Amino acid sequence: MRFPALLAVVLLLPAAAEARPKKKAKAAKAAKAGAGGMACGVRVLPMVEGNQWTYNPVPAPLPPSDAVKRIAPVTPKAIVITVKSVEAKGGDTVVTLEEKFLVDRTKEEKKPLIEERSITTTITCNDKKFDISPDSFFFAGEPGGYSGLEITKLERIKGTSLALVKGAIGEAEWREDLVMTWSQTPHENSGAKLATGKLEIERRFTPQEREKVQTKMGPFESEKIGLITTGRVTLDNAQPTNKPMELPASWVSQIWLAEGEGMTQALNSFGHMYQLVDAQLK
């Protein structure tokens, strides 16, 4: 989730219809905890050490509005996510991911400039939760992590990132509520004291009808999930008031997950769509 855009607060995002209720479908195959070595037995996002997914941007069904384009982050030309480790910690399983982003910053044809950066993210799961760190691409289909910000504290107040039934997506809606305190990161040796504050977000997930996602790797029968995010930002020592500033009420994303494959497609709230182009899975 790109927090600089969140903290801009005044966004003129296009209205979007809420996700349709998911029709009843045949039950997914049961997945025992740890089945096939997958972290917590989760088949729709199989976390096994060494697994790797590569995503490229593709045209979205509708272009974003000019207002969204003004605050949207740069679209990477490629996203590569690798499972670096899967470790038991207490009653949880902690998955560590390396997420690499290739950004084309070429301004002159004869002087190509491809920037590569990487971040480390985590997924923490057990038989009751599947918590994805907010800076991960898997959180909401938004690559890049935090930019110019430090998250000093993260609390999950309610729910989890993926509410699963036997390792797969069920039919019931669920919510995930988070509270984060943050501070802007000053340039090195600047000595500047920048803004700090609190971000509260509520994420409401609605399973939809399954769809076939056609990718360069072929078609994938995928679970489709609608995600609506709301929330508010409170600035510390804001003038003239510390009153929370509301985020848009209908900030919509969509995520597609295929059993045994992982995320096959994502359409985020900035109108950027990404699709799976390669997967190396164990």
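**Close-up views of salt bridges and the nonpolar core**

**View 1. A network of salt bridges links Asp131, Arg156, Glu176 and Arg203.** The model shown here and in the following views is predicted. The structure as a whole holds 12 salt bridges. Side chains of opposite charge can pair when their charged atoms come close.

**View 2. Glu176 and Arg156 pair through their side chains in a salt bridge.** The N to O distance is 2.7 Å.

**View 3. Lys129 meets Asp92 in a salt bridge between side chains.** The N to O distance in this pair is 3.4 Å. Lys129 is in strand E5 (residues 129-132) and Asp92 is in strand E3 (residues 92-104); the pair links distant parts of the chain, 37 residues apart. The relative accessibility of Lys129 is 25%, so this residue counts as partly exposed.

**View 4. Arg232 and Glu246 form a salt bridge.** Their closest N and O atoms are 3.2 Å apart. Arg232 lies in strand E12 (residues 218-235) and Glu246 in strand E13 (residues 245-246), and the pair links distant parts of the chain, 14 residues apart. Arg232 is buried because its relative accessible area, 18%, falls under 20%. Glu246, in turn, counts as partly exposed at 48% relative accessibility.

**View 5. Phe138 is part of the largest nonpolar core.** This core comprises 47 residues, of which Leu45, Met47, Tyr55 and Phe138 touch the most other members. When its neighbours within four places in sequence are left aside, Phe138 is in contact with Leu45, Met47, Trp53, Tyr55, Ile81, Leu97, Ile123, Ile132 and Met263.

**View 6. Gly218 is located in strand E12.** With a relative accessible area of 14%, Gly218 is buried. Gly218 and Val277 are 59 residues apart along the chain, and their C-alpha atoms are separated by 9.1 Å.

Terms used:
Residues are numbered from 1 along each chain as its sequence is written. This is a predicted model: local features need pLDDT of at least 70, side-chain atom pairs count only at pLDDT 80 or more; totals for chains, interfaces and linings use all residues. Side-chain values use heavy atoms; hydrogens and water are left out. A salt bridge is a side-chain nitrogen of Lys or Arg within 4 Å of a carboxyl oxygen of Asp or Glu. Helices (H or I, at least four residues) and strands (E, at least two) are DSSP runs, numbered from the N terminus. Buried means under 20% relative accessible area, exposed over 50%, partly exposed in between (1.4 Å probe, protein chains only). A nonpolar core is a set of buried Ala, Val, Leu, Ile, Met, Phe, Trp, Tyr and Cys residues joined through side-chain atoms within 4.5 Å. Contact means heavy atoms within 4.5 Å.
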